Amino acid sequence: MSKVVLKNLIKSYDGKKNIIDDINLEIEDKEFIVLVGSSGCGKSTILRLISGLEEITSGTISIDDKVVNNIHPKDRDIAFVFQSYALYPHLNVYENMAFGLKMRKFDKKTIDEKVRAAAKALNLEELLERKPKQLSGGQRQRVALGRAIVRNPKVFLMDEPLSNLDANLRVQMRAEIKRLHKELKTTFIYVTHDQTEALTMGDRIVVLDKGKIQQVAPPEEIYNNPKNKFVAGFIGQMNFIESDIKDSKITIEGVEFNLPQEIDAEKVTIGIRAEKMVCGNKSIVANTDIIEMSGSERIVYFELNGSKCSAKIPLEYNCSDKIELKLAVEDMYFFDNQTGENLIK
């Protein structure tokens, strides 16, 4: 079992504002969970607390039902894959991957078997004699993964391991990491600020903001049923439009829409995803501002009710000066103007 439980976890520096503010989270055995949020939200700090690289201020961290607060990092049976790879420049690939095993006094035969098995899994067999400076970014990242794999830890911690790679290589490495998770059958805790990585890799996603958990759910639920305005805006391309409520109706550019249910408010923030801004029927007409090409579609920027919006439009639609939109109330989210909470569950 490699279940990780964070209970009432708090981290602050010098008694000042909490960087991690009362986090409660259960990560199941063999789960691939992704912590996502903007810079400074506390996601990397959570990894460092789990690993023992930083001390917690209060609360508990448990692995396999055992509280590890006072257990030394090397004794927590955790492998950490860093953003910077953290390879020893003077050691070759084989030696880098074997280093942790040597420190734990494994015999040479076992070390060799583990290193070569990991190298085969990561397609590094022909690179074992090379130094890190002779490797590409993707190869270095695979070596960092290999160094973690050979230890066969209870838990893998990964802190934005793909952020230094180019776009194509990131796609390849995402698939590689998911394959490894499936084969190794252990717990992965993965940190990223990239929503695409979060949506494509995680069994569940933890959305963080200012040291607090905003929502924990599978990718589909995070995307389709965001708990609040922050989650809706962080995951996916969401437009936010301000509108008054009158007689159970909202108005966008003079076009009225009936609310799907009664909302006890005078004003509301409407959320509509860019791909739900559908062209057609001249329901709403807006002046285009900027048009970007994006492969098989265009991203068109414009204003609705004075709010900046964008739409993903198929190439066959002509929208050089104006964009004609047909909006559906069933594609809209409604958020409280004060709390940001989703008003329709």
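The model is predicted, with local features requiring pLDDT of at least 70, side-chain atom pairs counted only at pLDDT 80 or more, and totals for chains, interfaces and linings using all residues. Residues are numbered from 1 along each chain as its sequence is written, and side-chain values use heavy atoms, with hydrogens and water left out.

Helices (H or I, at least four residues) and strands (E, at least two) are DSSP runs, numbered from the N terminus. The axes of α4 and α5 come within 11 Å and cross at roughly 15 degrees; axes are lines fitted to C-alpha atoms, for helices over the stretch in contact, and angles run from 0 to 180 degrees between N-to-C directions. The crossing angle therefore makes α4 roughly parallel to α5 (angles under 35 degrees). Contact (heavy atoms within 4.5 Å) involves Gly137, Gly138, Gln141, Arg142, Leu145 and Ile149 of α4, and Leu169, Met173, Ile177, Leu180 and Leu184 of α5.

Strands β3 and β8 run parallel and are joined by five bridges. Leucine 35 lies opposite valine 191 in β8.

| Element | Residues |
|---|---|
| helix α4 | residues 137-149 |
| helix α5 | residues 167-184 |
| strand β3 | residues 32-36 |
| strand β8 | residues 187-192 |

Technical notes
Angles under 35 degrees count as roughly parallel, over 145 as roughly antiparallel, 65 to 115 as roughly perpendicular and the rest as oblique. Two strands pair if DSSP finds at least two bridges between them.
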